[in-house]
Amino acid sequence: MLQDRVVRGFLAGLAGGIVMNLYSFALLKLNWTEMPFYKWTAIIILGKEDVGGAIAIVLGVLGHLIFTSLIGIGFSYLIPHMQSRYLLFKGWIYAISIWFIIYGLSLLFKVQGIIPILPKTAIANFFGASLYGLVTAFVSAKLEEKSVLKN
């Protein structure tokens with residue numbers, strides 16, 4: 001199963017997404033953000049800004065994990081086109097680029113419930129995206145290693 005690049009990317013992105021969501025929930029509890037990643041995703045999925053309740057949280061978390069897994073697949077397809085040196089840095093750059101694009105699209109389309117974004121949330125999400133990129137790159141490297149060993 002680890003021979004498949006899609007599976008490796010999905011698993012690496014899922015690992016990064018899990019860490020990213022745990023970080024986001026911790027910041028929410030510490031009142032360092034009003035827009036955790038699950039809420040952002042729930043607003044996009046449901047198309048409304050008032051996304052309270054357990055179903056919205058579950059839908060948001062699952063949606064976010066699927067999204068992070070999909071962008072993990074994208075990263076896994078970039079790996080063969082890069083040298084393996086500095087993979088953590090490259091994962092960080094990849095994740096920050098996605099973060100910037102998502103912020104730009106949210107602003108461009110004026111997504112209700114997301115815009116405007118408070119500075120503390122933007123900073124928290126930047127570090128969340130950074131964490132995602134580092135974890136995804138680390139797990140990708142480990143899974144690539146295992147894949148090579150099995151060949």
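Predicted model: local features only at pLDDT ≥ 70, side-chain atom pairs only at ≥ 80, totals over all residues.
Close-up 1. The side chain of Arg-8 makes a polar contact with the side chain of Glu-144, at 3.2 Å.

Close-up 2. Leu-65 is found in helix α3 and, with a relative accessibility of 15%, counts as buried. Leaving out residues up to four places away in sequence, Leu-65 touches Leu-14, Gly-17, Ile-18 and Asn-21. A distance to Tyr-38 can also be followed in this view: Leu-65 and Tyr-38 are 27 residues apart in sequence, and their C-alpha atoms are 8.9 Å apart in space. Tyr-38 itself is one of the buried residues of helix α2.

**Close-up 3. Leu-59, another residue of helix α3.** The place of Leu-59 is likewise in helix α3, but Leu-59 counts as partly exposed, at 32% relative accessibility. Not counting residues up to four places away in sequence, Leu-59 touches Ile-45 and Leu-46. Gly-16 is 43 residues from Leu-59 in sequence, and from C-alpha to C-alpha the two are 18 Å apart in space.

**Close-up 4. Helix α2 and the glycine that follows it.** Helix α2 comprises residues 37-46, and its buried residues are Phe-37, Tyr-38, Trp-40, Thr-41, Ala-42 and Ile-43. After α2 comes Gly-47, whose phi is positive and near 70°.

**Close-up 5. The largest pocket and its lining.** The largest pocket has a volume of about 450 Å³, and 23 residues line it. Among these lining residues, Trp-40, Thr-41, His-64, Phe-67 and Ile-102 lie nearest the centre of the pocket; Trp-40 and Thr-41 are also among the buried residues of helix α2. Helices α2, α3 (54-78), α4 (87-108) and α5 (119-150) each supply at least two residues of the lining, and the largest share, seven residues, comes from α4. Sorted by class, the lining has 17 nonpolar and six polar residues, while no charged residues take part in it.

Close-up 6. A search of the whole structure finds eight aromatic pairs. The rings of Phe-126 and Phe-127 form an edge-to-face pair, because their planes stand at 80° and an angle over 60 degrees counts as edge-to-face; the centres of these two rings are 5.4 Å apart. Both residues are partly exposed, Phe-126 with a relative accessible area of 24% and Phe-127 with one of 47%. Ring pairs link Phe-126 and Phe-127 with Trp-40, Phe-89, Trp-92, Trp-99 and Tyr-103 into a cluster. Within this cluster, Trp-40 is also one of the lining residues nearest the centre of the largest pocket.

**Close-up 7. Backbone features in two loops.** Most residues other than glycine have a negative phi, and most peptide bonds are trans. Against this background, Asn-31, found in the loop between α1 and α2, has a positive phi of about 60° although it is not a glycine. Asn-31 counts as exposed, at 53% relative accessibility. The loop between α4 and α5 holds Lys-110, which is not a glycine either and has a positive phi of about 45°. Lys-110 also counts as exposed, with a relative accessibility of 57%. Pro-116 lies in the loop between α4 and α5 as well, and the peptide bond that leads from Ile-115 to Pro-116 is cis, with omega near 0°.

Definitions and conventions:
Residues numbered from 1 in each chain as written. Heavy atoms only, no water. Phe/Tyr/Trp six-rings, centres within 6.5 Å; stacked < 30°, edge-to-face > 60°. Buried < 20%, exposed > 50% of the residue type's maximum accessible area, 1.4 Å probe, protein only. Helix = DSSP H or I, 4+ residues; strand = E, 2+ residues; numbered from the N terminus. 1 Å grid on protein atoms, 1.4 Å probe; cavity = no way out; pocket = protein on both sides within 12 Å on 5 of 7 lines; lining within 4 Å. Points joined across faces, edges and corners; volume = space filled by probe spheres on them. Nonpolar A, V, L, I, M, F, W, Y, C, P; charged D, E, K, R; others polar. Polar contact = N/O pair within 3.5 Å; in protein donor to acceptor, adjacent residues only side chain to side chain. Contact = heavy atoms within 4.5 Å.
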